[in-house]
Amino acid sequence: MVTAVRHLGPNWYASVMGTAAVATAGAALPLQLPGLRTTCAAVWALSLVLLVTLLAARAVHWTHHRDQARAHLLDPATAPFYGCLAMALLAVGGGAVTVGRDWIGTGAAFALDAVLFGAGTGVGLAAAVAVPYLMAVRHRIEPSQATPVWLLPLVAPMVSAALGPLLVPHLPPGQARETMLLACFALFGLSLLATLLMLPLVFARLITGGPLPLALTPTLFLVLGPLGQSTTAVGSFADVAPGVVPGPYSGGFGVLAVLYGVPVMGFALLWSGLATAHVLRARRHGMGFAMTWWAFTFPVGTCVTGAAALGRHTGLVVYDGLAVALYVVLVGAWAVAAVCTARGLLSGALLAAPRPARAVPLPATARTTSGAVR
């Protein structure tokens with residue numbers, strides 16, 4: 001066990017996030033299919049088991065392989081994945097309130113969510129500060145190294161913003177509820193502005209530097225995370241605001257849910273098309289399974305909940321249909337990633353020392369002084 005976890009990095013928490021997303025996104029669907037909620041509760045229970053298992057394994061990793069753990073923090077390609085720890089805690093906590101309560105009861109679900117929300121928010125805020133600090137002070141980074149992975153520690157506070165409103169109805173009326181809602185709104189702004197600073201670097205690298213290495217190509221779907229999660233967040237604010245904040249502001253949250261969510265979901269659909277085209281190209285060039293395939297799950301799950309929120313607040317059937325279609329994609333992606341991960345664990349390939357990612361050879365083209373390709 002001690003040797004097996006030497007190369008177990010924080011990126012493994014993405015499997016917890018993706019599994020929890022299947023449960024919470026399924027509960028948000030505008031459908032009442034027989035057995036759907038029970039299935040979602042079972043998937044949430046699996047995510048809880050995965051979280052506990054990974055926390056234990058990572059504790060062993062930090063205890064017996066501190067050199068490797070420090071190397072992860074000093075590696076600009078790995079350090080951002082510490083945001084996944086925060087999001088895994090938050091996703092499982094949110095799932096406890098949405099579907100886990102069916103099995104463990106409302107009181108236990110609220111208590112579990114409160115603990116995981118507090119821990120996840122604390123870790124997320126620490127990662128949002130510490131990882132960019134390390135990138136600026138300790139890491140040696142070139143513009144060509146920019147990838148969507150850099151967004152991970154910045155998105156974690158947005159997950160807190162989206163899931164925090166679930167706790168509002170369980171708090172005492174008055175100051176406690178309003179403070180919680182506005183704190184989530186502050187986390188929304190924190191994450192949104194930080195993402196708007198980082199995303200241009202990622203897009204510029206993609207346009208000027210060519211396609212990402214094959215193993216990293218699935219991470220393009222990580223951009224959907226802040227888009228779908230922020231749309232989910234504003235919808236959640238509007239759901240709980242009446243009676244929590246004064247009338248003008250509660251109505252404002254309802255307006256924000258639509259005026260913000262509609263254009264952002266439009267951009268999410270645009271980006272999903274671009275990311276899909278890159279993934280199909282990478283597959284043609286021999287892209288095999290890697291843990292980055294879990295990027296196909298949680299970000300898509302946030303778009304499911306975002307589309308469902310838009311369906312609630314606009315009353316448009318098209319958003320309900322979009323949520324269902326995206327959920328089908330989510331379940332398919334989760335099934336493929338889960339099976340491949342289990343196979344890689346059994347063979348030992350996924351716990352072996354990592355190999356450098358193989359880059360895709362760029363086409364033999366040149367740019368003229370005007371920038372045109374010839």
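**Basis.** I worked from a predicted model, in which local features need pLDDT of at least 70 and side-chain atom pairs count only at pLDDT 80 or more, while totals for chains, interfaces and linings use all residues. Residues are numbered from 1 along each chain as its sequence is written, and side-chain values use heavy atoms, with hydrogens and water left out.

**Entry 1: cavities.** I searched the whole structure and found two cavities of 30 Å³ or more. A cavity here is a set of points, on a 1 Å grid over the protein atoms alone, where a 1.4 Å probe fits but cannot get out; lining residues have an atom within 4 Å of a point. A volume is the space filled by probe spheres set on the points, with grid points joined across faces, edges and corners. The largest cavity holds about 70 Å³. I listed its lining as Met17, Met87, Leu151, Leu152, Val155, Leu222, Gly225, Phe298 and Pro299. Helix 6 (152–163) and helix 10 (298–314) are the elements that give two or more residues to this lining. Helices are DSSP runs (H or I, at least four residues), numbered from the N terminus. Nonpolar covers Ala, Val, Leu, Ile, Met, Phe, Trp, Tyr, Cys and Pro; charged covers Asp, Glu, Lys and Arg; the others, Gly among them, are polar.

**Entry 2: second largest pocket.** I recorded about 620 Å³ of space in this pocket. A pocket is an open set with protein on both sides within 12 Å along at least five of seven lines. Its lining comprises 32 residues, of which Thr24, Ala28, Thr98, Leu163 and Leu166 are the closest to its centre. At least two lining residues come from each of helix 1 (13–28), helix 4 (82–104), helix 6, helix 8 (224–240) and helix 10. I noted 18 nonpolar, ten polar and four charged residues in the lining of this pocket.

**Entry 3: threonine 121.** I located threonine 121 in helix 5 (residues 106–137). Threonine 121 has a relative accessible area of 13% and is therefore buried (under 20%, with a 1.4 Å probe and protein chains only). Beyond its neighbours within four places in sequence, threonine 121 is in contact with Leu90, Ser160 and Leu187 (heavy atoms within 4.5 Å).

**Entry 4: helices 2 and 3.** Helix 2 (residues 36–64) packs on helix 3 (residues 66–73) at about 105°, with the axes 5 Å apart. Helix 2 is thus roughly perpendicular to helix 3 (65 to 115 degrees). Axes are lines fitted to C-alpha atoms over the stretch in contact, and angles run from 0 to 180 degrees between N-to-C directions. I found Arg58, His61, Trp62, Thr63 and His64 of helix 2 meeting Arg66, Gln68, Ala69, His72 and Leu73 of helix 3.

Key:
Buried < 20%, exposed > 50% of the residue type's maximum accessible area, 1.4 Å probe, protein only. Parallel < 35°, antiparallel > 145°, perpendicular 65-115°, else oblique.
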